[in-house]
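Me: I'm new to reading protein models. Could you take me through one part of this one slowly, a sheet and the aromatic rings of the loops that follow?

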Amino acid sequence: MPPNQPAVRAVGLGKTFQIGRTDSRATAVEAALRFVRNPSRRGAASELRVLDDLTFDIEWGSATGIIGRNGAGKSTLLKILTRVSPPTDGRIELAGRVGSLLEVGTGFHPELTGRENIFLNGSLLGMTRKEIRARFDEIVDFSGVEKFLETPVKRYSSGMYVRLAFAVAAHLETEILAIDEVLAVGDADFQAKSLRRMREVAKEGRTVLFVSHQPQTVLSLCTSAMFLDRGQLAYHGDVEGALDLYRRSYEKFAVEQSDPSARPGSGEIRAAEVQVGADQYEPEDEKVVTVHVPPHPAESAPYYVSCHVNDVNGTVLLQCDSRLVGGWYDPTTDNTVELRITSPWLKPGRYTIDVFVCGRVVLDSWEGAAAFEVYPHNPYPEFATDDAFESGLVFPRFQYKVS
C-alpha cells in the first residue's frame, strides 16, 4: 500500500439516474419500433440526483461507517467505490484491490459448488490459485459450511450463502473490504464473529467500508464515520459526531413524513394517523400503538401493518408484523388497527415508531410516525447498582432458580 496515498479518494463524486429514458444500447430497429408504439414518449425522462459533489479521503487501516436515512445514497456510494456502478461525474482513486459483499451471494454462480465459488471469487479479485489455496481452510472454517462444500450454492439457505460470501470477502487478500448491511442475515453468533473479523482486517492495515442502518453496529466496529443526507456528505469524522447528526435528523424527518405525498410507497393505501397510548411509560407498562387507515373502495386486496420500534440511535428493537398474528385488513372499510406490546420491557429513553402498510408491495412507509419516552425507573423487585443492567438493549423478564 502506498505510504503517502489514502486507501480511497473521492473528488466531486456525483451520481444521477435517468428515469424513464429509453435504453441507449438499443439497436436502431428496436428504437424505431419503440418510437412507432409510443411516439409521445420520445425523449421523456426525468433525473434523480442520488449523490452530489462528494469529496473525501479514507485512510489505510480505518474502519469507516457510512450512515444515513433510507434514500440518502449509502448503497449507491458503496457501489461506485467498488466499481459496480460508474459515477456520473467526479472521480475515485483506489490504492488497492477491493473485496466487496454488497448483496447476499454477490459474485456467486448458483450452479457451482461452494468450493468452486471460492476459487471463482478469488480469481475475479485477481488472485492466483496459490494465494486462494493459502486461505482456503480459513474461509471454510469461518463459514461453517464444510459439509456442503461440494453442493451447488443454489441449494444453500440465505444464512449459508451469506456466511460463505462474507468468509470469502473477509479472508481473501484485498486491501479494501466493502460491506453493505448483509450481516443482518446471519444469526447473532455469526454477526459477532463477523464484527471481530472486520476489526482484525482493519488492524492488519487494510481498510473497511461498512454501510449500516444500525448505528450500534457502527459504534462497535468503526473508527470513523460518514453521514449522508439526501445525497450530500453532511459529516465525515469521528463516529459519535456522525451519530449525533443522525439522531438529530429524526425530528426534521418526522415532520416531513407527516405529509403522505412525501412518503415512500406506492400510495394506493396510506395511513392517516398514528398514535401512542401515552407520551411516557414505565419500563414494564404495556405500550399501545393505533394506526388509522381510511377506506379505499377502489382496492380489493387485503393489506397488513408492520410497526417497528426504534431506539434513539435508530436501531430497530422490535418488529411487530400483523401477518404473524393473522392480521390482514379489508381496504374497503375504515380500520383503526391497535397494537399492544407487553414485552420485553424497554429501557429508559426515547423511542420512535415506523409504520408500514403493505400488500403485494409497500403501500405506505411512514418513518417517525410517532414517539414516546420511557421513564428512568428500575422495573425489577430488588435494588442494584447500574452495572447490574447497563448492558443489553432491553430489560429481559427472567427468573433464577436453584435446584
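**A sheet and its ring pairs**

Reply: Let's begin with an open sheet of 3 strands, ordered β10-β12-β15 and paired in the antiparallel sense. A strand here is a DSSP run of E with at least two residues, numbered from the N terminus, and two strands pair if DSSP finds at least two bridges between them. The edges are taken by β10 (273-276) and β15 (335-341); each has a single partner strand, so one side of each is left without a neighbour in the sheet. On average, neighbouring strands of this sheet are turned by 15° against each other, direction ignored; the axes behind that angle are lines fitted to C-alpha atoms.

Before going on, note that this is a predicted model: local features need pLDDT of at least 70 and side-chain atom pairs count only at pLDDT 80 or more, while totals for chains, interfaces and linings use all residues. Residues are numbered from 1 along each chain as its sequence is written, and side-chain values use heavy atoms, with hydrogens and water left out.

Now look at β10 beside β12 (residues 287-293): they pair antiparallel over 4 bridges. Within this pairing, glutamine 275 stands opposite threonine 290 of β12.

Next come the rings. Rings of Phe, Tyr and Trp (its six-membered ring) pair if their centres lie within 6.5 Å; planes under 30 degrees apart count as stacked, over 60 as edge-to-face and the rest as tilted. By this rule there are 14 aromatic pairs. In one of them, tyrosine 303 and tyrosine 329 have ring centres 5.8 Å apart and planes at 50°, so the pair is tilted. This pair links distant parts of the chain, 26 residues apart: tyrosine 303 is in the loop between β12 and β13 (304-310), and tyrosine 329 in the loop between β14 (316-321) and β15.

How hidden are these rings' residues? Buried means under 20% relative accessible area, exposed over 50%, and partly exposed in between (1.4 Å probe, protein chains only). Tyrosine 303 has 1% relative accessibility, so it counts as buried, whereas tyrosine 329, at 22%, counts as partly exposed.

Tyrosine 304 and tryptophan 328 form another aromatic pair, this one edge-to-face, with 5.2 Å from centre to centre and 70° between the planes. Again distant parts of the chain are linked: tyrosine 304 belongs to strand β13 and tryptophan 328 to the loop between β14 and β15, 24 residues apart. Tyrosine 304 is buried, because its relative accessible area is 10%, while tryptophan 328, at 45%, counts as partly exposed.

Terms used. Axes fitted to C-alpha atoms, helices over the stretch in contact; angles between N-to-C directions.
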